[in-house]
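Student: I have the sequence and the coordinates open. Could you show me how to read this assembly?

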There are 10 protein chains.
Amino acid sequence: MTREEVRRLALEGKDRLGLNWPQVGRAIGRSPVYAAMLAYGYGAATTEEADGLAKALGLPDEARAVLTKAPHREPSGPWPPTDPFVYRLYEVVLLYGPVFKDVAHELFGDGIMSAIDMAVGIEKVEDPAGVPRMVLTLNGKWLQYKKF
Amino acid sequence: MTREEVRRLALEGKDRLGLNWPQVGRAIGRSPVYAAMLAYGYGAATTEEADGLAKALGLPDEARAVLTKAPHREPSGPWPPTDPFVYRLYEVVLLYGPVFKDVAHELFGDGIMSAIDMAVGIEKVEDPAGVPRMVLTLNGKWLQYKKF
Amino acid sequence: MTREEVRRLALEGKDRLGLNWPQVGRAIGRSPVYAAMLAYGYGAATTEEADGLAKALGLPDEARAVLTKAPHREPSGPWPPTDPFVYRLYEVVLLYGPVFKDVAHELFGDGIMSAIDMAVGIEKVEDPAGVPRMVLTLNGKWLQYKKF
Amino acid sequence: MTREEVRRLALEGKDRLGLNWPQVGRAIGRSPVYAAMLAYGYGAATTEEADGLAKALGLPDEARAVLTKAPHREPSGPWPPTDPFVYRLYEVVLLYGPVFKDVAHELFGDGIMSAIDMAVGIEKVEDPAGVPRMVLTLNGKWLQYKKF
Amino acid sequence: MTREEVRRLALEGKDRLGLNWPQVGRAIGRSPVYAAMLAYGYGAATTEEADGLAKALGLPDEARAVLTKAPHREPSGPWPPTDPFVYRLYEVVLLYGPVFKDVAHELFGDGIMSAIDMAVGIEKVEDPAGVPRMVLTLNGKWLQYKKF
Amino acid sequence: MTREEVRRLALEGKDRLGLNWPQVGRAIGRSPVYAAMLAYGYGAATTEEADGLAKALGLPDEARAVLTKAPHREPSGPWPPTDPFVYRLYEVVLLYGPVFKDVAHELFGDGIMSAIDMAVGIEKVEDPAGVPRMVLTLNGKWLQYKKF
Amino acid sequence: MTREEVRRLALEGKDRLGLNWPQVGRAIGRSPVYAAMLAYGYGAATTEEADGLAKALGLPDEARAVLTKAPHREPSGPWPPTDPFVYRLYEVVLLYGPVFKDVAHELFGDGIMSAIDMAVGIEKVEDPAGVPRMVLTLNGKWLQYKKF
Amino acid sequence: MTREEVRRLALEGKDRLGLNWPQVGRAIGRSPVYAAMLAYGYGAATTEEADGLAKALGLPDEARAVLTKAPHREPSGPWPPTDPFVYRLYEVVLLYGPVFKDVAHELFGDGIMSAIDMAVGIEKVEDPAGVPRMVLTLNGKWLQYKKF
Amino acid sequence: MTREEVRRLALEGKDRLGLNWPQVGRAIGRSPVYAAMLAYGYGAATTEEADGLAKALGLPDEARAVLTKAPHREPSGPWPPTDPFVYRLYEVVLLYGPVFKDVAHELFGDGIMSAIDMAVGIEKVEDPAGVPRMVLTLNGKWLQYKKF
Amino acid sequence: MTREEVRRLALEGKDRLGLNWPQVGRAIGRSPVYAAMLAYGYGAATTEEADGLAKALGLPDEARAVLTKAPHREPSGPWPPTDPFVYRLYEVVLLYGPVFKDVAHELFGDGIMSAIDMAVGIEKVEDPAGVPRMVLTLNGKWLQYKKF
């Protein structure tokens, strides 16, 4: 059973059972985005998380072993992204990435925001004027370049 | 005078005068990131903003006209990104973009987070354990696909 | 059942039943182009639209659930386009896109024509000299860059 | 004197003289978009058009000879497009091009909309709800595939 | 039944029946190259042509409907071309295309040779010195850039 | 003096002297297309051809040595081609190249049409119906694959 | 039966029967490299060669017809090459190709070494110092650029 | 002084002094191809070779230091190659590289022909039938994969 | 049975039997990394190694013949790498490769570190401060460029 | 003064003064490889390091300010690498990267070896058999994927 099959089964199970990501997250004691990342195959679940996901999403037993392995991370769609939702994020990095770097270096010195130790939040904020806003928060540990 | 020349002069002026982006932002009544985006040439400044930037950064007069034009937005470095700071953001979109889309669609239905009406914040959060964290916040208006 | 299978079934059904896109559009109260976009999998149908499409095109029940999900938008053919019809449109954007941008900025200031809130029309206009013309109309909401 | 130099001089002249594209168009009896295309170097001007453009935009004499030559058409910016205005048009062709082809073939049979004999219009339409819309119209001669 | 399946069946039928392209062409009253293009799926056959091809090449009934549809034109091999026959043509366009354009513009003004209304001939010319020559003739309608 | 400089001088000289390619060809006893290829730098001129070109086009002495060297053949514009004239030829090879190969193999067996020993003709053919046609003829020696 | 299937069967047959390429070559009266090229599908075998290969390698009858057709030549692995053996050859052409061209032009004038009429030899040469050397010989007809 | 400047000076000197590569090779006691590789900048010359090249080709003193440095090897033309001479070699590797590998492995086992310890020969062989042949010989040390 | 199938069976066997790479390595008398490379298909096993692997990992008999063949080396994942573990190594080569070359040339002169005769070690080093470090050691024979 | 200019000056100064990287490293109390990375512009020097480099390599005063800024890291040569030294490292990552990942995950679990906190060593090891070996050591902090 491959990562892609587990992903498909997980998404089908979530649909069939009428769950949402916050519910899946609560089932394993994790944030909604992190739970979705595990279901998509972008993380190595602990045994408890794998059991929780399998139970919550109705996955077969052998999916649990797959979920606990360190995954080879590969994109799940075309790249450069063709989907407009993903492209807008890509556009932000393409155009403004070096600006963010400049502002960050002023605050931190020479380094990077870790993509390994990073929490992600997605929230819906209602706007009194009527159209809601999406707020994406990337919260990563700062890694300073070391000297040797 | 091109965008690239204004960018170079703006960054040199900021260095020479010992300014930081929050100070540049305050000089024009904008956020630090937005002020940096204008200086890099990723926005059309109002006359007041152009005057403020020119004054704060010691730019020549003709830079003001350049700053107020609607820019052709082009990356200021190689693409795909080779700089590790920018690459980490790219990696997040590459791998997790479709996951974010899934979570967002659950909250909002079919649409995108606008990259046109988007506020960006970059903050340094001290961690009691000793290593600070960087928090990048993208706050964009949700655009729902329209039907015709 | 995947988007691609629903697309194939929809196009076969349309052929088998001898329908044209205006008829499909009328069956769901939408424009011909929008109806075609739904059938190709480039939109999230409402329950009513999914029912209407399924009925009009003879689709199986499970296709309806697929039609109502927010789709991952991917091209349905090679890219850059090899088909001459699509290439001619690509050529127009490749060569004249920046000219259109210049003319538009003069009218609107710094912003974009939304591809999310955009109506598309395709019409055949007979020319008295004998060869008809195709008129493609893209009608999109103007999104002005916001300041923060 | 190259096309690129004439383009730069034309755009500078237009700025310096405070002209807009409709005014440039009227100076040579052409549409605003077509006038802009000539100034950018995407067409071979007639002698009258070259004289009109040179006079209206304050171009040097030798620019006129350049304007009347059949140009080698090359993009004036990066490709794939990085500017969000141009990208949104690219996205429309990328995702919906084959849908437009399907609708068009139903109307016309097997052929293409000419990019050689094509009129382009860009208009601003005020929306009572407050946000204007941009309407881009591509009006091209239909070319039917010939048989031999 | 897809275009690719019809292509395979057509080529197998031609082999099995020991036909050559001039014979296939005569069966439908078209040139050898055009007949081959239809069999490969690069044109929309008339009902008569589809009937003629199906009869001449022993195709099943449902292939006829496929043959009469306006095709999505896609390459039938790798691109850039790896086959030396096709590469030599590619090389000619790569290196000499702009030279041909210059010579053609001198004859015709600003425009293109249509790839939509184009007859193609391939002939073998015996050379008295012993080695034959291939003559490829592309005969296309000239399309002059229109002004608006 | 580089190939590119000689090309520029040759094209300027041709313009300044009001010559056309057939006249340049006659000046060196070659076809118009071949003369243009030499001027663009796509061939090694004989001493007589170099003298003839230099005299006809008013080139400086040192251009003659450049013209007689075996050139490194490189495209003179972007690739894939963005100019519509060149793209139409590219499209023909992209889509129909394997069809031409099939027809040619039927006539000749396994081999290629040489791009080294190839004569090129470009002609304007008036059409009684009013729109002229361009005829491009590629006449190359057939090279049969050898066995060893 | 496709070229790829014949290739697979040929290589399996060679393994099963414990043959080497010189033996396969002798079975059809050709060089080892040429015999391997035929087996891989990079040439059109004569009827005798096809019979000989089929007999030597235990191929089914229908493989013979496939072997005698003029092949569409496509790479049998990834490109640019990832295999170190093939990459080293690629590296030689990448870096030294223009040097070889310079040396060759000094000997021959403007032209190419034919890849159509080319014999290839691969030999193992023992070195007294203990490590053998591989000698790859490409022997191709020189094709001089023709003038017209 | 860069590698590219030394290359240009070396080639100009060779032309001006009417030398050929065998003569340059003899001046430094190396093969013609190796001498050309040094002049193009694809090797680190010994002090003696650098002196010999400088003397033979009339190079300035500072060129000698450049010639003796270990070079960063970069292609001296476009890649993939557009020049037909270089492309034909590229085509041989593209299509037949895996065949050569198969034949070589039969002779040597698992390994590669070194591109570091490789002698290259280019010879002109007259053919009694009138057209000469070019023979390119690559003679490289075999490197066997090691086990650990 | 293909390399990819053997790889899959080997990894499944290792999981099923609860082995680690050092254990697999000991079973064939090789280092853990080399044993893993053989299992992934990146080397030609000796008969003893193939027997050892088959026995240790429970592979079917025919896998042994596959393991002993000289492999066509192809990447087992997307390239450029999308997995963060592999990308970090790629980033090191992308950015610092030329620096390593400079340092190495100072030590060795003009040459390369062989990727054919190279031992690889991966170790975990505990750090008293609590976070372990990974040490990757590439130990390759130096190959000096030869002169001819 | 740009990073590229400082790099050029640093390398020229090192040559002129006859220094090697270990000496440069000692001048600033860093390892040879790290000192080279600073000189190439791949790190932000401390004030002391910048002073030390400027003194050791004879750099002008303004180079010091450049050396202390957080750099935009860009490759200093073509990519994919064309230089054989760099390519061999690239080949190792291309082919064996996923194998290294597998071995590392067995030791560490799901994570990466940091390219930010990584020490690099390059050593020459004499081999009694006569040919020295190069040993490249990458020593990076292990970063474990965090859960949220």
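Predicted model: local features only at pLDDT ≥ 70, side-chain atom pairs only at ≥ 80, totals over all residues.

Student: How many residues does the contact take from chain G and from chain I?

Tutor: Chain G gives five residues and chain I gives six residues; two residues are in contact if their C-beta atoms, placed from the backbone, lie within 7 Å. On the side of chain G that touches chain I, two are nonpolar, two polar and one charged. Here Ala, Val, Leu, Ile, Met, Phe, Trp, Tyr, Cys and Pro count as nonpolar, Asp, Glu, Lys and Arg as charged, and the others, Gly among them, as polar.

Student: Which element gives the largest share of the side of chain A that touches chain B?

Tutor: In that interface, 55 residues of chain A meet 55 residues of chain B. The largest share on the chain A side, 23 residues, is from α6(A). By class, this side of chain A holds 38 nonpolar, seven polar and ten charged residues. Helices (H or I, at least four residues) and strands (E, at least two) are DSSP runs, numbered from the N terminus.

Student: How do I read strand pairing, say for β2(A) and β2 of chain B?

Tutor: Two strands pair if DSSP finds at least two bridges between them. β2(A) and β2 (residues 133-144) of chain B run antiparallel, joined by nine bridges. There T137(A) has T137(B) as its bridge partner. Within chain G, eleven bridges join the antiparallel strands β1 (residues 111-125) and β2 (residues 133-144), and E123(G) is partnered by V135(G). β2(G) also pairs with β2 of chain H, antiparallel over nine bridges, with N139(G) opposite V135(H).

Student: What confidence scores does the model have?

Tutor: It scores ipTM 0.96 and pTM 0.96. For chain A the mean pLDDT (the predictor's confidence in each residue, from 0 to 100) is 96, with 100% of its residues at 70 or more. Local features need pLDDT of at least 70, side-chain atom pairs count only at pLDDT 80 or more, and totals for chains, interfaces and linings use all residues. Residues are numbered from 1 along each chain as its sequence is written, while chains are lettered from A and ligands numbered from 1 in the order in which they are written.
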